[in-house]
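Please keep the structure in view while reading.

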Amino acid sequence: MTNKLEFNLESAIPPNAITATITYKSPPGAKALLYRFDGDQSPAVLNGPSGQFEVNVSQSRKLYLERLDGADWEVGCNGYRF
């Protein structure tokens, strides 16, 4: 998988969290795929300029962003649930 950026959530969420709220920003029209774990066969599709969604983190604390164009992306964690 080419052009992937890794985001480690271990410092952003406690070990017993089940879901995390992910926020993102990019230029309008930018597209990327967000893999919830290594080997994810159904990644979330992100469309710029911004948004947020909830992701299950019980399998992994790492997310992988695959940029589908040359746009820059800001990805962060805005909260979590137990």
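Predicted model: local features only at pLDDT ≥ 70, side-chain atom pairs only at ≥ 80, totals over all residues.

Strands of a sheet pair through backbone hydrogen bonds, and the pairing may be parallel or antiparallel.

Within this sheet, β3 pairs with strand β6 (residues 62-67) in the antiparallel sense, over 4 bridges. Tyrosine 35 stands opposite tyrosine 64 in β6.

## The three-stranded sheet

Another open sheet is formed by 3 strands in the order β5-β2-β7, and here the pairing is antiparallel. The edges are β5 (50-56) and β7 (74-81), each pairing on one side only. The twist in this sheet averages 25 degrees from one strand to the next.

Strand β2 (residues 19-25) is joined to β7 by 7 bridges in the antiparallel sense. Isoleucine 22 stands opposite cysteine 77 in β7.

## The chain as a whole

The protein chain contains 0 helices and 7 strands. Read along the sequence, the pattern is therefore written β-β-β-β-β-β-β, with strands defined as DSSP runs.

How does the radius of gyration compare with that of a compact globule? For 82 residues, such a globule would have a radius near 12 Å; the protein chain has 12 Å, which agrees. Its C-alpha atoms fill a box of roughly 35 × 25 × 20 Å along the principal axes.

Of the 82 residues in the protein chain, 39% are buried. Among the contacts with a separation of 6 or more, 76% are between residues 24 or more positions apart. The accessible surface of the protein chain comes to about 4800 Å², and carbon and sulfur atoms account for 47% of that area.

## A buried serine in a loop

Serine 26 is found in the loop between β2 and β3 (31-35). Is serine 26 buried or exposed? Its relative accessible area is 12%, and a residue under 20% counts as buried, so serine 26 is buried.

Which residues are in contact with serine 26, leaving aside its neighbours within four places in sequence? They are Gly48, Pro49, Asp72 and Trp73.

## Aromatic pairs

The chain has 3 aromatic pairs. In one of them, the ring centres of tyrosine 24 and phenylalanine 53 are 6.4 Å apart and the planes lie at 55 degrees, so the pair is tilted. Tyrosine 24 belongs to strand β2 and phenylalanine 53 to strand β5, so this pair ties together parts that are 29 residues apart in sequence. Both tyrosine 24 and phenylalanine 53 are buried.

Another pair consists of tyrosine 80 and phenylalanine 82, whose ring centres are 5.5 Å apart. Their planes are at 80 degrees, so the pair is edge-to-face. Tyrosine 80 is partly exposed, with a relative accessible area of 40%, whereas phenylalanine 82 counts as exposed at 58% relative accessibility.

Tyr24, Phe53 and Trp73 form one aromatic cluster. Trp73 is also one of the residues in contact with serine 26.

Definitions and conventions. Residues numbered from 1 in each chain as written. Heavy atoms only, no water. Pairing = 2+ DSSP bridges. Helix = DSSP H or I, 4+ residues; strand = E, 2+ residues; numbered from the N terminus. Axes fitted to C-alpha atoms, helices over the stretch in contact; angles between N-to-C directions. Rg over C-alpha atoms; globule rule 2.2 N^0.38 Å. Buried < 20%, exposed > 50% of the residue type's maximum accessible area, 1.4 Å probe, protein only. Contact = heavy atoms within 4.5 Å. Areas by Shrake-Rupley, 256 points an atom, 1.4 Å probe, with all protein chains shown as cover. Phe/Tyr/Trp six-rings, centres within 6.5 Å; stacked < 30°, edge-to-face > 60°.
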